[in-house]
Amino acid sequence: MIKRGFVQALLVGLFMVTGLAGAAGAVAADSGKTVLVFGAASLTDVLDELGRAFTAQTQVQVKSSLAASSALAKQIEAGAPADVFFSADLEWMDYLQQRDLLRPGSRHDVVLNRLVLIAPVDSKVSVKIAPGFDLLKALGDGKLATGDPDSVPVGKYAHTALEKLGVWDSVSSRIVRAENVRSALAFVARGEAPLGIVYRTDALAEKRVRIVDTFPEDSHPPVTYPIALTKGASPEAQRFEDFVTSAAAQPIFLKYGFQPAH
């Protein structure tokens with residue numbers, strides 16, 4: 001005999017996945033009309049607007065789970081029920097593709113971003129990014145906030161750029177290894193770190209920070225955002241991906257500071 005507690009827990013799980021608060025019958029009826037997107041944290045604002053625009057056209061709901069691309073890829077590998085993976089770098093998309101967890105032919109590069117150095121909006125720091133620039137002096141006694149360079153895409157880009165510019169060794173012990181780019185952004189916005197390295201779109205979304213300078217494009221690989229469907233993606237997920245990669249979505253990406261990948 002199935003215990004009541006087990007049934008309740010099962011229903012709660014269904015509600016969490018679908019994002020619906022109706023009766024169990026409503027969950028069963030509508031679960032196929034919800035697209036679950038696992039998206040990089042830097043896509044937070046643009047994914048919200050893309051989802052609303054798609055829903056207005058199709059009546060299909062879009063739910064987003066936002067985190068570092070590395071964490072999301074690992075969750076998908078572990079069996080998380082994502083329909084769509086929208087990554088902030090190519091490597092974690094490659095990771096899932098190599099494990100045969102993506103639908104063949106569904107992968108597309110969508111948009112590009114830029115890597116920037118930020119400071120609190122009221123900071124007087126002035127730095128020009130160039131080979132050998134004195135980032136350590138600009139930090140003073142403080143820390144440099146960015147994603148964990150071992151796994152989080154923004155941290156990996158930052159590591160590569162600072163290495164190429166010849167300043168990584170001088171600041172590597174000062175890195176705040178944030179779990180994702182929005183966490184790194186928050187450290188600077190709250191004044192807990194005098195400088196941070198994030199994406200341009202994140203800096204534009206936070207009024208409490210300002211862009212000090214932009215990293216040269218040749219200091220790191222292009223910040224590319226690929227999208228793909230998972231092996232178990234729903235038909236509605238294909239429609240969502242078609243919308244995201246269409247000309248109709250480009251003005252939304254441009255509004256938040258992203259640039260077309262093609």
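Which residues in helix H4 (residues 69-77) are buried?

1. Basis of this note. The model is predicted: local features need pLDDT of at least 70, side-chain atom pairs count only at pLDDT 80 or more, and totals for chains, interfaces and linings use all residues. Residues are numbered from 1 along each chain as its sequence is written, and side-chain values use heavy atoms, with hydrogens and water left out.

2. Helix H4. The buried residues of H4 are Ser69, Ser70, Leu72, Ala73 and Ile76; buried means under 20% relative accessible area, exposed over 50%, and partly exposed in between (1.4 Å probe, protein chains only). Seen down the axis of H4, these residues fall within an arc of 165°, so they line one face of the helix. The arc is that of the directions from the helix axis to the C-beta atoms. Helices (H or I, at least four residues) and strands (E, at least two) are DSSP runs, numbered from the N terminus.

3. Cover of H4. The elements that cover the buried residues of H4 include strands E1 (34-40), E2 (61-67) and E3 (84-86), together with helices H5 (90-98) and H7 (153-164). Contact here means heavy atoms within 4.5 Å.

4. After H4. Gly79 follows H4 and has a positive phi, near 105°.

5. Gln59. This residue lies in the loop between helix H3 (44-58) and E2. Gln59 is not a glycine, yet its phi is positive, near 65°. Its relative accessibility is 59%, so Gln59 counts as exposed.

6. Asp100. The loop between H5 and strand E4 (108-113) holds Asp100. Asp100, also not a glycine, has a positive phi of about 60°. With a relative accessible area of 47%, Asp100 is partly exposed.
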